[in-house]
Amino acid sequence: MDNKRSSKRVTLHSFNNFIKKIKLLKCFRITYQVVWNLVLIFFIIFTSVALFVSAAGAGYFASLVKDEPIRSKEEMIKDIYDYEEVSEIYFRDGQLLGEVRSDIQRREIKLDEVSEHLINAVIATEDEYFFEHNGIVPKAIMRATFQEFTNSSVQTGGSTLTQQLIKNQILTNEVSFERKAKEILLAMRLENFFDKEEILEAYLNIVPFGRNANGWNIAGVQSAAQGIFGVDAKDLNLPQSAYIAGLPQSPFGYTPFIRRDSKPTIKNDITPGLNRMKTVLTRMRDKGYITESEYKKALKYDILANLAEPTPESKEEYPYLTAEIINHRAVKIIADHLLEKDGIVLSEIEDSEERKSLQARYTALAGRDLKRNGYKIYTTIDKDIYDAHQVVAKNDALFPNTRNHANQKVEVGAVLIENKTGAIISFVGGRYLNEGEEFNRATQANRQNGSTMKPILAYAPAIELGLVQPGHIIPDTKYHYLAPPQQEVSNFDKDWAGLITVRESMVRSRNVPAVKSYNLVPREVSREKLHAMGIFEEPTEGASIGGNAGLTVEQNTAAYATFANSGNYIQSYMIEKVETKDGEVIYQHEAEPVEVFSAQTSYLITDMLRDVLKGGGTAAALPGMLKFNSDVAGKTGTTNGTRDSWFVGYNPNFTLGVWIGYDTEASLPTRFDGRGIGYFSQRIWAHLANSAFDVNPEFIAPKDPFKMPSGIVRQSFCGISGLLASDLCREAGFVRTDLFNAKFVPTKVDDSLERVKYVIVKGEPFIALDQTPSEFVRNGVSIKEEILEDEKVAEKLLEKFKDLIPSKEVENNGKTPSALTNVAISGNKLSWTEHNDNDIVGYRIYRAPNGSETFTTLRSVRSDEQFVFNVDKNPFAYYITAVDAAGRESKPSNIVTTGGWVKEIPKEEEKPDPKDNEEPKPPKIPKPPKPSNGDDDESGND
């Protein structure tokens, strides 16, 4: 019974446990199904997103590379192994100037000629999976892409050696996703055509390595080994290999060499390069290329002590010229050729960003082609003249021996242009090379051109329109700019010259007349003239006297050549022709003259600029510095603060422009060694011209002068107004003569002058009063009062035209002059001193014979004549009276006698005059006769 119950209990317990298990299993199954479904859903979503992203990425990648042509193996071989086929540059006469290597020296080498240490160092540093990947490392690309999209501060890059080779040899350094996509595509394609050793060899021959001991840029491991350590690439030891392998990351940051003042030298601090070498060694150790012992030994190696020394080399002798030809002229010509070849017209592309991008891309392609496609570039440069000019530039004795706050010496830029073609025959880029560049001060430096701008902008446009002519009068008086803030226009001497002609304003380089002349011309006309001469800046009042944004020496010189070319602007150029290695001419310069001014305007400007080199001109000393005679015209220029000094001169054959100043635009000394700064720019101009004359005298000193065109006449005019001379102007001797464009000869007759009667008081002329006694009055010419309203005009007019009488009337003080008391006779000399009153116009001498009480007038003496009179030794008595402008006469002076005169003359008692200011009437003194000429028995002092 108990057993049965016990059995029943066991059975029930088991059943209960079974039920519980069923419930637990059911719960697990539910949970499992939920989790599984969730995982499945997430997997499906992730897979879908991944597929979508992959598809989108693939589509985007395809869109980026759709325009990239599918290159054959032969094409890729040509591109990769075409390191460079040297282009050549030639002088004007066909002499070889040099080879185009940009400024990179490269020597090709085979892989088996490279140190194993260097190969291992490059792979460990630049591409550790080089021998495993197929051109790209996806993980590295994804990492770099993620960093790019998240704008991460850490940019690790994702380029393999294969990709770097593609970028350097086939693509450009343009930073864009399109270029990167093409790089990836081409890298994978390259891996199909090339084995690893071929790719590595090509890479080691193209990668840049900074500078060598001579300071020149280098590429390829052989040039690096020889240029940095003076050994071949196969002989590089471990630390040398590690140092070189570290350079490609920042060639100019890690290189130990620089150029300073045109000379190679070692950097003061090469720590960055040493730190980079340590990084390379660390990676080599970590990758198992070297042992710990080799690592430590390499760190102790003295890199500085083992650097190569500068060596004599057949380097470029013409750094300024080569850089100008390649970097600024040839590359543009070839870029334009490539654009034309691809049917692209940049001017037709409306999107400015797209236009800039295309320009940058094709410029980069042109630079690459120039280095490797074997072009022949023929220049306009005359080798012998160019060489002579560089000697002049190196002559320190020609320059002010001063330095600015940055310890810089005075620099120079100069350009010599052949007028009829625009060909640049020679130039001077500077005295010293800046570190890391060949900055050309003749073609790249934009400097204010001071008063050399006046003929170009202030006067030539106004002459062209007939608004002024050389003989026109433009007052040099106090004047303010019309444009706000309407500051006062000042001349260099802080003074004004009054009424002067345009010619005189040009010769003396006056600012005020130049600004006034500029303001006569409509702005659109001024703008048109500037643009036609290749000067693309907004014309302003300040620009008319040189306060502009700045011109290069080349621009300024070419603008002046316009005047030498009868008003036709011909753009300056330096490359005559470019040929391919097969002899195909892809560029031939063709001059395209642009008429800017008439031949008449140009000749008038030239004729005025001739006078700049004559007496009174700002360059009067220059002709004496020349060793040749020629019809030279030119203009000086100095900017505010004396930051720049210019001289641009030309004759029928050439135009030569010279600028001197500091690179930092600091002020030059206004005077040095007792001479103005303008003397130095003129002296340098003369030496450059003389040195060119030694080479080619026929070109520099043509026998024929500038030819005067038809339509130029020589016309007389009144020097007071610039109008046709009146009879009175001719009588007064104020007629001047100058050249005019026949179309603009003045037709109005001058009416500014009038006849006047005047007297001299205290040495100054004044208009006489109606009552002024005639014997003291002179006939003269005065200018109308309204013209003399400006005090400075009146002052300068009277200085310039000595016989011109001011319009101011003589003073009338309303009082009778007091009697003279200082009359004396010594020997046969009767003398007296000047009266103190300010209105005395003259004196009368009276004489009475011996024994007579009657005095008669002997002579009248004007106030500006000598107060000494020769008298006879016979017995006579004399006295003198003073006469004022109103005709009032003083009482007799003290009486003096000669020759034993003894008759006593009773004195008249003095009585008070009942009427104020009534003229006294001396007794027995007859009315004065007309002035005697001294032909009496006594000799007068006329």
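Which strand do eight bridges join to strand 9, and do the two run parallel or antiparallel? Strand 9 is joined to strand 19 (residues 654–661), and they run antiparallel. This is a predicted model, where local features need pLDDT of at least 70, side-chain atom pairs count only at pLDDT 80 or more, and totals for chains, interfaces and linings use all residues. Residues are numbered from 1 along each chain as its sequence is written, and side-chain values use heavy atoms, with hydrogens and water left out.

**The chain as a whole**

- The chain holds 25 helices and 34 strands. Helices (H or I, at least four residues) and strands (E, at least two) are DSSP runs, numbered from the N terminus.
- Of the 942 residues in the chain, 50% are buried. Buried means under 20% relative accessible area, exposed means over 50%, and partly exposed lies in between (1.4 Å probe, protein chains only).
- Take the contacts between residues at least 6 apart in sequence: 70% of them join residues at least 24 apart. A contact means heavy atoms within 4.5 Å.
- The accessible surface is about 46,100 Å², and carbon and sulfur atoms account for 51% of it. These areas come from the Shrake-Rupley method with a 1.4 Å probe; for residues, only the protein chains shown count as cover.

- Strand 9 covers residues 411–418, and eight of its eight residues are buried.
- In a regular strand the side chains alternate between the two faces of the sheet.
- On one side of strand 9 sit Glu 411, Gly 413, Val 415 and Ile 417, all buried. On the other sit Val 412, Ala 414, Leu 416 and Glu 418, also buried.
- Strand 9 also pairs with strand 10 (residues 424–428), antiparallel, over four bridges. Two strands pair if DSSP finds at least two bridges between them.
- Ile 417 faces Thr 655 in strand 19. In strand 10, the bridge partner of Ile 417 is Ile 424.
- Strands 9 and 10 form a hairpin with five residues between them. In the turn, Gly 422 has a positive phi of about 85 degrees.

**Asp 644, a buried residue**

- Asp 644 lies in strand 18 (residues 644–650). Asp 644 counts as buried because its relative accessibility is 3%.
- The Asp 644 side chain makes polar contacts with the side chains of Thr 639 (2.8 Å) and Trp 659 (2.9 Å). A polar contact is a pair of N or O atoms within 3.5 Å; within protein, one must be able to donate a hydrogen and the other to accept it, and residues adjacent in sequence count only if both atoms are side-chain atoms.
- Beyond four places in sequence, Asp 644 touches several residues, including Arg 447, Gln 448, Ile 660 and Leu 668.

**Asn 779, an exposed residue**

- Asn 779 is in strand 26 (residues 778–783). Asn 779 counts as exposed because its relative accessibility is 63%.
- Asn 779 and Lys 757 are 22 residues apart in sequence, but 4.7 Å apart in space, C-alpha to C-alpha.
- The side chains of Asn 779 and Lys 757 make a polar contact of 3.0 Å.
- Leaving aside neighbours within four places in sequence, Asn 779 is in contact with Val 756, Lys 757 and Tyr 758.

- Helix 5 (residues 161–169) is mostly covered, with seven of its nine residues buried. Among them are Leu 161, Leu 165 and Ile 166.
- Ile 44 is found in helix 1 (residues 2–65). With a relative accessible area of 45%, Ile 44 is partly exposed.
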